[in-house]
Amino acid sequence: QVQLVESGGGLVQPGGSLKLSCAASGSIFNFSRMGWYRQGLGEQRELIAHMAVNSDTYYARSVMGRFTISRDNDKNTLYLLMNSLTPEDTAVYYCNAVRITRGISYPYWGQGTQVTVSS
């Protein structure tokens with residue numbers, strides 16, 4: 001059973017930074033890609049960044065240049081460094097991992113971590 005455990009959320013002032021972590025229960029090389037989504041209150045969940053197993057990255061326009069996705073293969077952990085945070089970044093952030101087996105995609109989700117940007 002795959003488990004993804006996020007941590008690092010909290011309350012931060014506008015312009016501040018946070019670093020989220022997502023610890024996987026097994027090797028992250030089991031996943032074709034891992035990424036971060038967020039869901040604001042009353043909004044749909046949106047993809048903000050992901051990293052493929054070959055380290056190719058994608059960023060949503062709203063976070064490009066401010067957020068950085070990275071991973072530590074030895075620790076089986078995915079990270080999201082968030083800089084220059086604004087109140088619009090307030091949301092629950094979810095870690096996502098996708099495993100592809102025989103052409104079928106199996107998504108896995110963490111429980112989410114709250115990020116609140118407020119003065």
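User: What counts as a contact here, and which residues does Met34 touch, leaving out those up to four places away in sequence?
Analyst: Contact means heavy atoms within 4.5 Å. The model is a predicted one. Residues up to four places away in sequence are not counted. On that basis Met34 touches Leu4, Cys22, Ile28, His50, Met51, Ile69, Leu78, Cys95, Asn96 and Ala97.

User: Which residues touch the most other members of the largest nonpolar core?
Analyst: In soluble globular proteins, nonpolar side chains tend to be buried together. The largest nonpolar core here holds 29 residues. Elements giving two or more residues to this core include β3, β8 and β9 (91-101). The members that touch the most others are Met34, Trp36, Leu80, Met82 and Tyr93.

User: Which strands stand at the edges of the open sheet, and why is one side of each left without a neighbour?
Analyst: The open sheet has four strands, in the order β1-β3-β8-β7, with antiparallel pairing.

User: Which residue in β8 is the bridge partner of Ser21?
Analyst: Strand β3 covers residues 18-24, and strand β8 covers residues 77-82. They pair in the antiparallel sense over six bridges. In β8, the partner of Ser21 is Tyr79.

User: What is the volume of the largest cavity?
Analyst: The count gives one cavity of 30 Å³ or more. Among the residues lining the largest cavity are Ile28, Met34, Met51 and Arg71. β4 and β5 each supply at least two lining residues. The volume of the largest cavity is about 40 Å³.

Notes: Residues are numbered from 1 along each chain as its sequence is written. This is a predicted model: local features need pLDDT of at least 70, side-chain atom pairs count only at pLDDT 80 or more; totals for chains, interfaces and linings use all residues. Side-chain values use heavy atoms; hydrogens and water are left out. Two strands pair if DSSP finds at least two bridges between them. A nonpolar core is a set of buried Ala, Val, Leu, Ile, Met, Phe, Trp, Tyr and Cys residues joined through side-chain atoms within 4.5 Å. Buried means under 20% relative accessible area, exposed over 50%, partly exposed in between (1.4 Å probe, protein chains only). On a 1 Å grid over the protein atoms alone, a cavity is a set of points where a 1.4 Å probe fits but cannot get out, and a pocket is an open set with protein on both sides within 12 Å along at least five of seven lines; lining residues have an atom within 4 Å of a point. Grid points are joined across faces, edges and corners, and a volume is the space filled by probe spheres set on the points.
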